[in-house]
Amino acid sequence: MAGTGGPEWTIREDAGVAVLLALYLRQAIGVRSPDELPHLRGVPARTGPERDDETQSRLERQWREYWAMTVEPQAHPSPVPLELVDDFETMIALPAQGAADLRAAIVPHARASLAYARAENERYSSDSGGRPGVSYRAYASAIAEHERRVGRRAHSFELNVQVLPLTQRGVWWIGSLTVAVTDGLRGDVVAFDAAIHPIIAELA
C-alpha cells in the first residue's frame with residue numbers, strides 16, 4: 001500500500017495452515033531440508049529405522065518439491081496432475097507421479113499434523129486480531145525508514161510473511177517473495193523492525 005500514483009507495496013502476513021502442516025511433516029518424517037530453517041516448537045522428531053541414503057535422498061527431493069508448491073504455488077506449478085492425500089482432507093495434494101515415498105511417509109501423521117497446524121493458525125489469528133492496525137504499522141515504519149536511508153521512494157514490491165513457532169529467533173527466506181519469522185520476534189516491536197529492514201531493503 002502506498003500513496004496514490006506512487007509505487008505500491010503489498011505485504012501479506014499469516015501463519016498458514018498449509019505451511020505449518022508441511023513443516024510439521026518435515027520433522028515427523030525426518031527430512032532435513034531446508035537445512036537453514038529451524039524446527040517448529042512442540043513437534044516430535046522422527047523415530048524409527050534408519051533409511052538408506054537413496055531412499056532418504058528421494059524423500060528429501062519429493063518434500064522439497066511439495067514445500068515449494070506449498071510456499072509459492074503460483075511460482076511452482078506441478079508438471080503433472082495433483083491428487084489429494086488420504087486423511088488430509090483438502091489440505092495436501094501431491095503430484096500423481098513421482099511423490100509415492102512422500103505420500104506413504106506422511107499419511108500416518110495426518111491427524112496430529114492437522115491438529116497442530118490448525119491450533120497454531122488459530123493462535124496466530126487470536127494474537128493478531130487483538131492488535132488491529134499493528135501489522136500495517138510495523139511494515140510501513142520499516143519502509144519509511146528505508147526511504148529515508150536511500151533518499152527515494154520505495155520501489156513497488158510484494159512480500160509474504162509467515163509467522164511461525166520456530167525454535168530459533170530470526171527471519172529466513174523460504175521463497176523468492178516469502179519469509180518466515182519467529183512468532184516471538186514478530187511480537188517484539190523494536191527487534192522486528194530491525195530484523196525486517198534488510199528484507200525491505202532487498203525488495204524496495
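A nonpolar core is taken here as a set of buried Ala, Val, Leu, Ile, Met, Phe, Trp, Tyr and Cys residues joined through side-chain atoms within 4.5 Å, where buried means under 20% relative accessible area, exposed over 50% and partly exposed in between, with a 1.4 Å probe and protein chains only.

1. Basis of the note. The model is a predicted one, in which local features need pLDDT of at least 70 and side-chain atom pairs count only at pLDDT 80 or more, while totals for chains, interfaces and linings use all residues. Residues are numbered from 1 along each chain as its sequence is written, and side-chain values use heavy atoms, with hydrogens and water left out.

2. The core. The largest nonpolar core holds 57 residues, of which I11, W63, W67, F88, I92, I106 and I200 touch the most other members. Its largest share, 9 residues, is supplied by α1; helices (H or I, at least four residues) and strands (E, at least two) are DSSP runs numbered from the N terminus. Nonpolar side chains in soluble globular proteins tend to be buried together. I11 is in contact (heavy atoms within 4.5 Å) with Y139, I143, F157, L159, V161 and I200, leaving aside its neighbours within four places in sequence.

3. The sheet. Four strands form an open sheet in the order β1-β4-β6-β5, with mixed pairing, two strands being paired if DSSP finds at least two bridges between them. Because β1 (9-14) and β5 (171-173) each have a single partner strand, they stand at the edges, and one side of each is left without a neighbour in the sheet. From one strand to the next the twist averages 25°. The pairing of β5 with β6 is antiparallel and runs over 3 bridges, and W173 stands opposite V179 in β6.

4. A helix across the sheet. Helix α7 (residues 189-203) lies across β1, β4, β5 and β6, and runs at about 145° to β4; axes are lines fitted to C-alpha atoms, for helices over the stretch in contact, and angles run from 0 to 180 degrees between N-to-C directions.

5. L159. This residue lies in strand β4 (residues 157-164) and counts as buried because its relative accessibility is 0%. Not counting residues up to four places away in sequence, L159 touches T10, I11, R12, W173, L177, V179, I199, I200 and L203. The C-alpha atoms of L159 and E13 are separated by 8.5 Å, although these residues are 146 residues apart along the chain.

6. Helix α2. The 19 residues of α2 (residues 53-71) should span 27 Å at 1.5 Å a residue, and the distance of 26 Å between its end C-alpha atoms agrees with this; the expected span is 1.5 Å times one less than the number of residues. At the start of α2, a side-chain oxygen of D52 comes to within 3.1 Å of the backbone nitrogen of E54. The buried residues of α2 include W63, Y66 and W67, and among the elements that cover its buried residues are α1 (17-28), β2 (82-84), β3 (93-95), α3 (100-106) and β6 (178-182).

7. Q62 and A99. Q62, in helix α2, counts as buried at 4% relative accessibility; leaving aside neighbours within four places in sequence, Q62 is in contact with G98, A99, A100, D101 and L102. A99 is placed in the loop between β3 and α3 and likewise counts as buried, at 4% relative accessibility. With the same exclusion of neighbours within four places, A99 is in contact with Q62 and L94. A99 and R58 are 41 residues apart in sequence, with a C-alpha to C-alpha distance of 9.0 Å.

Conventions: A polar contact is a pair of N or O atoms within 3.5 Å; within protein, one must be able to donate a hydrogen and the other to accept it, and residues adjacent in sequence count only if both atoms are side-chain atoms.
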